[in-house]
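Please read this briefing alongside the sequence and the coordinates.

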Amino acid sequence: MFSSNNKNCATIIIYFLGLAEHVWDPMSTRQTQRFVTMVQRLVDDYPTVAGDNKATQALLRTVLGRMRKTLDDDVFMPLYPKGVLENKSSGAYYFLQRQFWSCVKLLGNMLQWHSILAREPLMELCVDGLLNRYMLLALQNSEVNDDSIEKSQKIISSFPRQWFAGVEGDETLPPLQNLARYLSHSANTLHKNSIGCPDIDRRKARENIKQVAKLLVQIHALDHALQVAREHSLKDLKQMVVGR
């Protein structure tokens, strides 16, 4: 894709700096995929494009800065009373849904950079700046049901598996502790809401609790997963957690 000489490399980085600052829209999945692919190819084709290279550092700072600007300028999550959101045909409900799924899309786009950007600054933007600041607040302010579980699944499926490789102990990564607590609370809420319900509803709640526990395992929140398994007698899941 690129011819290998230092002059061309410098020219390409300057071009990418302009793209990152003035053209690339982090909200666009297509633009993000293409941009990540081009930068990754640059890194692969030019051995001199290393993390300590000044031009490379400038490019990566610009990419992070552009994503941070998107978080500050383009992300908005409305907070409504739960009673308002009970009406699934209301404008408030549809607006919240649209804003939430836009955040899910942005989260996935930003995490496409996981093989290029360092884990800590990327996690700070994605988890602290987007998930904890906006998305978790929306989940905590909404009912715990099939929809909230689907949203949690989509969030967790976007996390790079490399984040959890080599994590020791039973706790998840510190930035994901809020998510782990939310999921654990969701399991208890599902159980409480099923008390006194028909058998079919209680079985459905139990299946949802299992799904929540599996999500906890996926983010290496084994302490929370084991607690959920014990409290709700999920023997198979308990054995799986203990065996990890």
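Asparagine 109 is found in helix H5 (residues 91-111), where helices are DSSP runs of H or I with at least four residues, numbered from the N terminus. The model is predicted, so local features need pLDDT of at least 70 and side-chain atom pairs count only at pLDDT 80 or more, whereas totals for chains, interfaces and linings use all residues. Residues are numbered from 1 along each chain as its sequence is written, and side-chain values use heavy atoms, with hydrogens and water left out.

**Asparagine 109**
- Asparagine 109 has a relative accessible area of 3% and is therefore buried, a term that means under 20% with a 1.4 Å probe and protein chains only.
- Asparagine 109 touches Pro26, Met27, Ser28, Thr29 and Thr32, leaving aside residues up to four places away in sequence; contact means heavy atoms within 4.5 Å.

**Helices H6 and H7**
- H6 and helix H7 (residues 146-157) pack at an angle of about 160 degrees, and their axes are 10 Å apart, with axes fitted to C-alpha atoms over the stretch in contact and angles running from 0 to 180 degrees between N-to-C directions.
- H6 is therefore roughly antiparallel to H7, the term for angles over 145 degrees.
- Leu131, Met135 and Leu139 in H6 meet Ser148, Lys151, Ser152 and Ile155 in H7.

**Nonpolar core**
- The largest nonpolar core has 75 residues, and those with the most contacts inside it include Met67, Trp113 and Leu179; such a core is a set of buried Ala, Val, Leu, Ile, Met, Phe, Trp, Tyr and Cys residues joined through side-chain atoms within 4.5 Å.
- Helix H6 (residues 119-140) gives the most to this core, with 12 residues.

Key:
Buried < 20%, exposed > 50% of the residue type's maximum accessible area, 1.4 Å probe, protein only. Helix = DSSP H or I, 4+ residues; strand = E, 2+ residues; numbered from the N terminus. Parallel < 35°, antiparallel > 145°, perpendicular 65-115°, else oblique.
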